[in-house]
Amino acid sequence: MKPNEVLAMAKEKGAKVVDLRFMDFPGVWQHFTVPLRELDESSFEEGFGFDGSSIRGWQPINASDMLVIPDASTAKMDPFFEVPTLVLICDIKDPITFESYTRDPRFIARKAENYLKSTGIGDTVYIGPEAEFFIFDDIRFESAPNRAFYEIDSVEGAWNTGRDEGPNLGYKPRYKEAYFPVPPMDKFQDLRTEMLLVLEGLGIEIEAQHHEVASGGQAEIDMRFKPLLEMADQLVWFKYVLKNVANRAGHTVTFMPKPLFGDNGSGMHTHVSIWKEGKPLFAGDQYAGVSQQALYAIGGILKHCKALCAFTNPTTNSYKRLVPGFEAPVNLAYSSRNRSAAIRIPMYSSSPKAKRIEFRTPDPSCNGYLAFSAIFMAVIDGIQNKMDPGDPLDKNIYDLPPEELANVPSAPGSLEESLAALKADHEFLLKGDVFTKDVIDMWIEYKTDAEVNPVKLRPHPHEFSLYYDI
């Protein structure tokens with residue numbers, strides 16, 4: 001869509017205001033709204049000013065002025081606002097040099113796509129994330145110097161089988177047994193379908209929606225694969241839609257990877273493939289019907305996985321899910337059908353177009369622009385350097401004897417460990433100036449100061465159960 005077409009669309013849809021949206025550094029959508037008369041064709045070149053010092057991880061206060069530049073191709077009408085509102089996703093630029101801002105996650109994703117084309121290896125990288133989430137009915141939490149707690153509730157929670165609900169009708173999914181039950185056990189079929197239809201109405205193609213394994217309302221809605229930048233844009237719309245559909249129905253959605261103890265966490269299995277001139281490059285005659293390039297791509301992810309986790313699993317809570325011996329794929333191996341491996345080659349279809357690799361370690365707390373770009377850079381580094389992934393591991397990893405399991409490396413055990421790995425291993429991300437040293441350094445600094453250290457400094461509530469009487 002071109003700027004003049006956006007203006008025509010706004011008139012046709014009766015838009016009164018324009019919502020300008022952009023992604024902050026950690027990965028939360030930000031916005032401000034202007035009257036429709038403020039938007040003209042020049043706006044798509046000159047942009048709108050805002051205070052960059054108030055955005056986490058961005059500008060110092062003495063250099064706060066920034067510009068948002070609307071991308072005409074992203075125009076959509078907001079499905080929730082009372083007033084008809086045109087939404088435009090924006091890029092960030094410096095108002096003096098007019099250069100793109102290096103810490104703008106969307107700019108990083110755009111550079112990743114351009115870098116692929118510059119290598120000559122391919123022209124399109126397709127991304128297909130499977131973002132899991134929880135639908136809760138109530139959430140309360142507090143973290144103070146003298147007290148800390150959280151309390152979650154859900155009509156589906158297995159912990160509520162004995163609650164007086166006047167009457168309690170049962171049908172609470174058991175822990176780890178909530179995959180695919182029909183109603184009345186599945187309480188959120190209609191809500192998920194509403195989410196699906198709102199997404200489809202925005203032009204976001206959905207493949208399926210279903211209940212997930214955990215009790216308490218865990219769910220999944222799968223988007224059809226798209227090019228990297230387009231999918232990163234879709235992921236922010238995805239989270240926005242799910243949260244707002246749930247909110248207006250009196251529920252709350254979280255993409256926090258491990259909100260419940262003792263049940264499955266939420267992952268975001270991410271499918272990746274590279275194409276050139278309309279042909280899939282990951283189909284071939286090697287293991288599981290993939291090409292040698294696909295195996296090299298797997299080698300790249302396995303080599304750099306510990307560093308990748310700083311972007312694909314970027315919260316301290318992420319590592320409550322990534323615990324060896326439990327459900328999450330922490331073991332750095334690959335397989336055709338083994339879901340306990342970090343990388344899987346899906347076998348649903350024999351079509352060459354369906355051949356891709358599935359990286360199962362990421363979770364949906366990530367900033368998609370950064371996570372997808374980092375995964376791609378590991379993939380392309382593996383191809384360029386012909387990284388051998390070794391032999392596939394088609395055994396059940398959790399049944400391996402200790403001496404054999406010791407030879408299978410694991411993902412990091414904490415955010416602090418993944419940030420240390422990123423500090424030691426990030427040269428592959430700097431190729432093509434996709435990520436810059438400034439971005440890497442600021443990511444490590446922000447995550448350490450704002451998340452790792454505050455969590456390390458606080459007593460954990462369970463420590464009182466363990467140690468108060470010592």
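How many helices and strands does the secondary structure of the protein chain come to? It comes to 13 helices and 18 strands, where helices (H or I, at least four residues) and strands (E, at least two) are DSSP runs numbered from the N terminus.

Before going on, two notes. This is a predicted model, in which local features need pLDDT of at least 70 and side-chain atom pairs count only at pLDDT 80 or more, while totals for chains, interfaces and linings use all residues. Residues are numbered from 1 along each chain as its sequence is written, and side-chain values use heavy atoms, with hydrogens and water left out.

Now the overall form. Along the principal axes, the C-alpha atoms fill a box of roughly 65 × 60 × 50 Å. Of the 470 residues, 54% are buried; buried means under 20% relative accessible area, exposed over 50%, and partly exposed in between, with a 1.4 Å probe and protein chains only.

Next, contacts, meaning heavy atoms within 4.5 Å. Among the contacts in the protein chain with a separation of 6 or more, 68% are between residues 24 or more positions apart.

On to the aromatic rings. The structure holds 19 aromatic pairs. Rings of Phe, Tyr and Trp (its six-membered ring) pair if their centres lie within 6.5 Å; planes under 30 degrees apart count as stacked, over 60 as edge-to-face, and the rest as tilted.

One of the pairs is Tyr-126 with Phe-225, edge-to-face, at 5.1 Å centre to centre and 80 degrees between the planes. Tyr-126 lies in strand S7 (residues 124-136) and Phe-225 in the loop between strands S11 (218-223) and S12 (226-227), so this pair ties together parts 99 residues apart in sequence. Phe-225 is partly exposed, at a relative accessible area of 31%.

Phe-311 and Phe-435 have ring centres 5.2 Å apart and planes at 45 degrees, so that pair is tilted. Phe-311 sits in helix H6 (residues 292-312) and Phe-435 in the loop between helix H11 (427-430) and helix H12 (437-457), 124 residues apart. Are these two residues buried or exposed? Both Phe-311 and Phe-435 are buried.

Ring pairs also link Phe-22, Phe-50, Trp-58 and Tyr-101 into a cluster.

Last, Arg-21. Arg-21 lies over the face of Trp-29, 4.9 Å from the ring centre, and over the face of Tyr-240, 4.4 Å from the ring centre. The criterion is NZ of Lys or CZ of Arg within 6 Å of the ring centre and within 35 degrees of the ring normal.
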